[in-house]
Amino acid sequence: MPCVTWLGRDRGAAPGPLDEAPCSEGELGVPGLAQCTADIISTVEFNHTGELLATGDKGGRVVIFQREPESKNAPHSQGEYDVYSTFQSHEPEFDYLKSLEIEEKINKIKWLPQQNAAHSLLSTNDKTIKLWKITERDKRPEGYNLKDEEGKLKDLSTVTSLQVPVLKPMDLMVEVSPRRIFANGHTYHINSISVNSDCETYMSADDLRINLWHLAVTDRSFNIVDIKPANMEDLTEVITASEFHPHHCNLFVYSSSKGSLRLCDMRAAALCDRHSKLFEEPEDPSSRSFFSEIISSVSDVKFSHSGRYMLTRDYLTVKVWDLNMEARPIETYQVHDYLRSKLCSLYENDCIFDKFECAWNGSDSVIMTGAYNNFFRMFDRNSKRDVTLEASRESSKPRAVLKPRRVCVGGKRRRDDVSVDSLDFTKKILHTAWHPAENIIAIAATNNLYIFQDKVNSDMH
């Protein structure tokens, strides 16, 4: 399994210079500072090249990190990720018709494939999706004929000669501008967005409906899935996540709170209420309990880069599904099976409803997901080995190697083992991302972003 090395330093998603952020870790590492809820990271996403990494937080901010070029003094060392741009994506709103506050929290960020020198991304809160354009400017024009140095119009009677404006170098400036605002498309809270492989459309999903949007059209969308019953008392399941197939623009999948996956083909009908394939694992009657339906709810679904497999995460496991086999997953990995005996207390403190995400590495050979106590798990699909690692300040000295952690349920306990009774359920890794080509991972631990790299095991990716 990987020997993961710390790459850089942990960073909080806060405005301005991050080292001087007014809201920081509190009990997570900085004494005397209260943890600020607005700084809690709510989504992490690499762009298609991996050179940029975006995070969104509960305060509606988006922080973009850029990978620095390799150092000339150490050409074999990878560049660190440093802050590239920070901007306020969403503001708190109020729905006067329903008397509801709409949080500014960023639920998802998705990068669009780069078409020119500019970068584009979609960000969404519960109701509104925005398309942002990120551009660089390192030159400014000088020598206007009709404007003075301050940009004010000159008196035309004073203009006696014409000159050719010239571009002068200036300090690099990153400009972020809103290009489109897609609003009023959802009655319920948006839980996922996904850009289509045709690079022209994207879809957004809430609890009961999935809409298809064109990136150039903001005033209308097409409803492609609607599971809302005629009588809401008959409601038995909700949509939890959705994603487009990476290669076929007509295929998409969505998961439900009942643990099922529905693969839909937009060529079959305009409204994809009738799925093409249903992926569902039959439940073992002997293991059924009060919590069975809650823990079987799928919190995340991701297509593999090849498009052949799907990765899902429920409360206790991650599963790999083959698109050609609907009856059961081809692989099941236990994330924290030691919590099975603690489901009652996890239900009482609402932790059982936590929505963990999952991620593939670049070659689809290793999968990653988060757990409690700032632990995250990696599973090698080839060797069937797994490892538990911890994202924390104590273990994140520059270039430090992360040691595997182990949770002890009972019996003999090793020196570095962590007892299951001492796990901190307030520290949870819900959001993770994997570099699309290299063994670099981003881990969101509350209001800190950790970036690690596997420098030893090249066969991990």
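## Terms and basis

Helices (H or I, at least four residues) and strands (E, at least two) are DSSP runs, numbered from the N terminus. The structure described here is a predicted model, in which local features need pLDDT of at least 70 and side-chain atom pairs count only at pLDDT 80 or more, while totals for chains, interfaces and linings use all residues. Residues are numbered from 1 along each chain as its sequence is written, and side-chain values use heavy atoms, with hydrogens and water left out.

## The second largest pocket

Sorted by class, the lining of the second largest pocket holds 7 nonpolar, 9 polar and 10 charged residues, where Ala, Val, Leu, Ile, Met, Phe, Trp, Tyr, Cys and Pro count as nonpolar, Asp, Glu, Lys and Arg as charged, and the others, Gly among them, as polar.

Lys319 has Thr332 in S23 as its bridge partner. In a regular strand the side chains alternate between the two faces of the sheet. In S23, Glu331 and Tyr333 make up a covered face, whereas Thr332 and Gln334 make up an uncovered one.

## Salt bridges

A salt bridge is a side-chain nitrogen of Lys or Arg within 4 Å of a carboxyl oxygen of Asp or Glu, and 21 of them are found in a search of the whole structure. One of them joins the side chains of Lys110 and Glu45, at 3.6 Å from N to O. Because Lys110 lies in strand S8 (residues 108-111) and Glu45 in strand S2 (residues 41-46), this pair ties together parts that are 65 residues apart in sequence. Lys110 is buried at 14% relative accessibility, while Glu45 is partly exposed with a relative accessible area of 21%; buried means under 20% relative accessible area, exposed over 50%, and partly exposed in between (1.4 Å probe, protein chains only).

Asp322 forms a salt bridge with Arg308, with 2.8 Å between the closest N and O atoms. Asp322 lies in strand S22 and Arg308 in the loop between strand S20 (300-303) and strand S21 (309-313), so the pair ties together parts that are 14 residues apart in sequence. Asp322 is buried, with a relative accessible area of 8%, but Arg308 is partly exposed, at 38%.

Four strands form an open sheet with antiparallel pairing in the order S8-S9-S10-S11. S8 and strand S11 (166-182) stand at its edges, each with a single partner strand, so one side of each is left without a neighbour in the sheet. The twist averages 25° from one strand to the next, taken between axes that are lines fitted to C-alpha atoms (for helices over the stretch in contact), with angles from 0 to 180 degrees between N-to-C directions. Within this sheet, strand S9 (residues 119-124) and strand S10 (residues 129-142) pair over 6 bridges, and Ser120 has Lys133 in S10 as its bridge partner.

Another open sheet of 4 strands, also antiparallel, has the order S24-S25-S26-S27. Its edge strands are S24 (358-360) and S27 (386-390), each pairing on one side only, and its twist averages 20° from one strand to the next. S24 pairs with strand S25 (residues 366-370) over 3 bridges, and Ala359 stands opposite Met368 in S25.

## Residues with a positive phi

Most residues other than glycine have a negative phi, and most peptide bonds are trans. Asp364, although not a glycine, has a positive phi of about 65°; Asp364 lies in the loop between S24 and S25 and is buried, with a relative accessible area of 9%. Thr446 likewise has a positive phi, near 60°, and lies in the loop between strand S31 (440-445) and strand S32 (448-454), where Thr446 counts as buried at 14% relative accessibility.

How values were computed:
Pairing = 2+ DSSP bridges.
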